[in-house]
Amino acid sequence: LALSKTQEGPVKPDARLPNDDMLDYLRRLPPITGLHGNGFRFVVTPSFSQSDYAFTLSFTQGAKRAEGVLYIFGTRTPDAVTQRRAFTVPAWNYRRYAEVMDQLTDGWPGADEGCADGAPVAFERLRGERVTSGRGNCSPHYDRVKRLNLALIRRFAPGPDLPTEHDW
């Protein structure tokens, strides 16, 4: 349970994993300090996909839109290519997204993550000086988190290279 609960601070290494893909991808993203005091870093690694996905999203107080970058990592092929796609989210939509993510994740006590396949996910949330984070896979809680984030990406960073809800 402790591994899937929302933590104070950034994502920490998972000692059970010899190769911690989540941490590796988070290290490849721009640092959380670049999110202007309000934003997200999100990674998902679907087990049966040819790609892994990550995004950063930041909102500057008073701005008309949040700024994001979607990263698509072609991890399952030898010539893995990272694609980047900038996107924006109108301020109202960003605030609503952030509100729902905060409601889902703040104080989340964790759940049994007893599955091997799925779409492991990790997030980091920045609010001022406060950073919260979490990681999970197949609990109903993390399924809701994944669906919310997929809906955001499909709406504001659309493309044929995005997974379906079934894959994510």
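Modeller: Let us begin with a term: a nonpolar core is a set of buried Ala, Val, Leu, Ile, Met, Phe, Trp, Tyr and Cys residues joined through side-chain atoms within 4.5 Å. Please also keep in mind that this is a predicted model.

Colleague: In which helix is confidence highest, and what is the mean there?

Modeller: The protein chain averages a pLDDT of 89, and 91% of the residues score at least 70. Confidence is lowest in helix H1, residues 21-28, at a mean of 88. It is highest in helix H2, residues 91-105, at 98.

Colleague: Which residues have the most contacts inside the largest nonpolar core?

Modeller: In soluble globular proteins, nonpolar side chains tend to be buried together. Here the largest nonpolar core has 30 residues. Those with the most contacts inside it are Phe-55, Leu-57, Phe-87 and Tyr-94.

Colleague: Which element gives the most residues to this core?

Modeller: Two or more residues come from each of the strands E2, E3, E4, E5 and E6 and from the helices H2 and H3. The most, six residues, are given by H2.

Colleague: How many residues of the contact of H2 with H3 are nonpolar?

Modeller: Among the residues that meet are Tyr-97, Val-100 and Leu-104 in H2, and Val-145, Leu-148 and Leu-152 in H3. The residues of this contact include four polar and two charged ones. The nonpolar residues number eight.

Colleague: Is Thr-33 buried or exposed?

Modeller: Thr-33 lies in the loop between H1 and E2. A residue is exposed when its relative accessible area is over 50%. Because Thr-33 has 69% relative accessibility, it counts as exposed.

Colleague: What is the phi of His-36?

Modeller: Most residues other than glycine have a negative phi. His-36, found in the loop between H1 and E2, is not a glycine.

Technical notes:
Residues are numbered from 1 along each chain as its sequence is written. This is a predicted model: local features need pLDDT of at least 70, side-chain atom pairs count only at pLDDT 80 or more; totals for chains, interfaces and linings use all residues. Side-chain values use heavy atoms; hydrogens and water are left out. pLDDT is the predictor's confidence in each residue, from 0 to 100. Helices (H or I, at least four residues) and strands (E, at least two) are DSSP runs, numbered from the N terminus. Contact means heavy atoms within 4.5 Å. Ala, Val, Leu, Ile, Met, Phe, Trp, Tyr, Cys and Pro count as nonpolar, Asp, Glu, Lys and Arg as charged, and the others, Gly among them, as polar. Buried means under 20% relative accessible area, exposed over 50%, partly exposed in between (1.4 Å probe, protein chains only).
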